[in-house]
Amino acid sequence: MRSPGLSSLLERVAALEAEARRPSDWLALADLYSQTETCDPLDHRLPANRGNALWLADCPQEALHAYWRAAQLAPSDPVVLRGLGNVQLDLNAFELAEQAYARSMQLDPAALTAWNRSQVLIGLERYPEGYAQAEERWRIPSHRPWRELAAGGVTTLDQLQEPLLVWSEQGLGDSIQMLRYVDILRQQGHQLQLAVQESLHTIVSSSGIDAAPISPEGLGHHHEDSWLPMFSLPDLLGVTPENPVASAPYLHCPDELVEEWGAILHAERRPIIAINWQGNPVAEQTGQVGRSFELQLLAPLVSGFEGSF
């Protein structure tokens, strides 16, 4: 039976967790979980939840200590092991992260664990394993394909039918990377329709990948019998370090933009510095916290610096 003090703390935890968005919210939540641990020091879920809050607050080292405590209490809990993997990944301890994910999957082959593990395996250049694990993402409830995979979804090259619809289900960065493999399909003579973020339409058409790409939001009007998501292309094409499949330049800006920006940059006499400081704010409300930072943090670095930003 819970003590009144623990019940009160857990009510405060639930209220704060429902509204948590910023790192400061997650730090406050971690502090509450720390208080709950004094009420019930043997419940492994409490330090595990504290670790998750610290991880979301972009404090991986502190999160690691919390997960270690949870692992001492429940060494065979797959959720705790997945949390350890997440934190080790953020600390660039890739081998340790892969070991934690693998152990977690032995205990419970959860789709989310397989997806997280796929990122580590790809980073370790264990591409066949990584891309195969990435296909488990379709079992994650929040990650749904445009249509059921059994209804026209391509899983092997001999299933390709024309016309082939290739669509982006990831963010801009992954879409840009995966376009190289869409270009390979085009070079192989496949007739395809590409659905990709509207902000990439100009470079996709100027690169000759698809003269008239569409947006994923418009997929409901297309009924191609054969389709596949872009992120499945490396697995489909058998990409490995020894067989990169696509290594030539594949993106080309329109000539008029090259000329326009060439003139702008040529006229600038000061050093030109580009800063990428903002990621997808929607993605950063989940596990991908810390990709962005407040622009004013750079003020001390650029103050008085004669440059063009």
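**A first look inside a predicted model**

Let's start with two strands: S1 (residues 164-167) and S3 run parallel and are joined by 4 bridges. Strands here are DSSP runs of E with at least two residues, helices are DSSP runs of H or I with at least four residues, and both are numbered from the N terminus. Two strands pair if DSSP finds at least two bridges between them. This is a predicted model, in which local features need pLDDT of at least 70, side-chain atom pairs count only at pLDDT 80 or more, and totals for chains, interfaces and linings use all residues. Residues are numbered from 1 along each chain as its sequence is written, and side-chain values use heavy atoms, leaving out hydrogens and water.

**The paired strands**

- Tryptophan 167 stands opposite proline 229 in S3.
- Strand S3 (residues 226-229) is covered on both faces, with Ser226 and Leu228 buried on one side and Trp227 and Pro229 buried on the other.
- Buried means under 20% relative accessible area, exposed means over 50%, and partly exposed lies in between (1.4 Å probe, protein chains only).

**The nonpolar cores**

- A nonpolar core is a set of buried Ala, Val, Leu, Ile, Met, Phe, Trp, Tyr and Cys residues joined through side-chain atoms within 4.5 Å.
- The largest nonpolar core has 30 residues, and Val166, Val182, Leu194 and Leu233 touch the most other members.
- Two or more residues of this core come from each of helix H7 (111-123), helix H8 (127-134), S1, helix H9 (172-187), strand S2 (192-195) and helix H11 (233-237).
- The top contributor to this core is H9, with 6 residues.
- Another core lies apart from it, with 29 residues that include Trp55, Ala70, Val87 and Ala100.
- Leaving aside residues up to four places away in sequence, leucine 233 touches Val166, Met178, Tyr181, Val182, Leu185 and Leu228, where contact means heavy atoms within 4.5 Å.
- In soluble globular proteins, nonpolar side chains tend to be buried together.

**Two loop residues with positive phi**

- Most residues other than glycine have a negative phi.
- Aspartate 58 has a positive phi near 65° and sits in the loop between helix H3 (45-56) and helix H4 (60-73).
- With 43% relative accessibility, aspartate 58 counts as partly exposed.
- Glutamate 125 is not a glycine either, yet its phi is positive, at about 65°.
- The loop between H7 and H8 holds glutamate 125, which is partly exposed at a relative accessible area of 47%.
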